[in-house]
Protein chains: 2
Amino acid sequence: MTLALDSAAQDLLFREAHTANTFTDEPVSDEQLQAVYDLIKLAPTAFNQSPLRIVLVRSEEARERLLPLMAEGNRAKTASAPVVAILAADNEFHEELPALFPHFPQAKDVFFSERPVREQSATVNGALQAAYFILGIRAAGLAAGPMTGFDFAGVQKEFLDGDHTPLMIVNIGKPGPDAHHPRSPRLSFEQAVTTV
Amino acid sequence: MTLALDSAAQDLLFREAHTANTFTDEPVSDEQLQAVYDLIKLAPTAFNQSPLRIVLVRSEEARERLLPLMAEGNRAKTASAPVVAILAADNEFHEELPALFPHFPQAKDVFFSERPVREQSATVNGALQAAYFILGIRAAGLAAGPMTGFDFAGVQKEFLDGDHTPLMIVNIGKPGPDAHHPRSPRLSFEQAVTTV
């Protein structure tokens, strides 16, 4: 055993998990999604800035507003997923830093007074948290279907409060029939990693 | 049990894991890091673009070049970690797409012919993979110490080949004495999540 993580957990999170394109109608509960969030919120971000904001699309009314904003190839998936999560980065995350980073509350002004710096940081750290979220959905025994094929400006206008930038939209549920493609090749260790 | 992931795995990856600031001198083997990579490479990126590139700093010569590029507050940590990983995003990832996304090899030209689009996509998807990597290090029973306090242009010039943008630098090893601060507060589910 080279890894400490047990192999059932490796399978659940990585080896047997796949991006799902179809879903059963088995519901996903608020309790499940809260357990996912309460686990993944613990994983690290820079300055504990925690910029990820999540909009859960549950009502038929909200889904009807979302579907026309999806790329055509994504509409059927998003129509069939029991719940759909819009993941966004809060570019005004620095307002929370005095509470989130209490041992250096000045970080808000020292590091994040400039908007382009904040936006870059929110994007990178929001993406870190999006990855934790995808693995958290898998940790709940559910399949995630992350997508970037949608009208970003339209989703921002229609669904996001304040100064939030969409990162991706994730379909969530139990995988249905023919839910995934065969896994595509990955870069080998030798291709992606060098040692100096 | 709301989550399918067993609680030992939840603890290892999230609850009992912390960003480490000190390290023992117990070595980290190439075999461990290859097992981490071979697990985390399976997690999803958009178009399977897999833009993460990793430079493992192992030699004394390379570490001596890295230390002056670290923010002063990060130097002692990076000096003491058994191995240090520079994580970067390959802005020319599209060259690999015909191999990585074989069922639509035209994606390279249809979606990624423009440099600013590629750079944004490499940053977001490289950050997703950086998050998978941090959890992968924890899956190996090791502690990760991710940092963004360093001279980005200097690290790019000194360590990265080609058109790669640094994302973060991660100290890796077994935690030493007083390795971590108490965990700072996180945003609650109600603060970060809304339902529509």
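**Note on the contact between chain A and chain B**

1. The structure holds 16 aromatic pairs over all chains, where rings of Phe, Tyr and Trp (its six-membered ring) pair if their centres lie within 6.5 Å, with planes under 30 degrees apart counted as stacked, over 60 as edge-to-face and the rest as tilted. In one of these pairs, A:Tyr37 and B:Phe189, the ring centres are 6.0 Å apart and the planes stand at 65°, so the pair is edge-to-face. This pair crosses between chains, running from helix H2 (residues 30-40) of chain A to helix H9 of chain B; helices (H or I, at least four residues) and strands (E, at least two) are DSSP runs, numbered from the N terminus.

2. This is a predicted model, in which local features need pLDDT of at least 70 and side-chain atom pairs count only at pLDDT 80 or more, while totals for chains, interfaces and linings use all residues. Residues are numbered from 1 along each chain as its sequence is written, chains are lettered from A in the order in which they are written, and side-chain values use heavy atoms, with hydrogens and water left out.

3. Chain B and chain A each bring 75 residues to the contact, which is defined by heavy atoms within 4.5 Å. About 6400 Å² is buried between the two chains, 69% of it from carbon and sulfur atoms, where buried area is the accessible area (1.4 Å probe) that two parts lose on being put together, summed over both. On the side of chain B, the residues that lose the most area to chain A are B:Arg186, B:Leu187 and B:Val196, together 11% of what that side buries.

4. One salt bridge joins the side chains of A:Glu92 and A:Arg118 at 3.2 Å, N to O; the two residues are 26 residues apart, with A:Glu92 in the loop between strand E2 (83-90) and helix H5 (97-100) and A:Arg118 in helix H7 (residues 115-139) of chain A.

5. Strand E1 (residues 52-57) of chain A pairs with E5(B) in the parallel sense over three bridges, two strands being paired if DSSP finds at least two bridges between them. Within this pairing, A:Val55 stands opposite B:Thr194.

Notes
A salt bridge is a side-chain nitrogen of Lys or Arg within 4 Å of a carboxyl oxygen of Asp or Glu.
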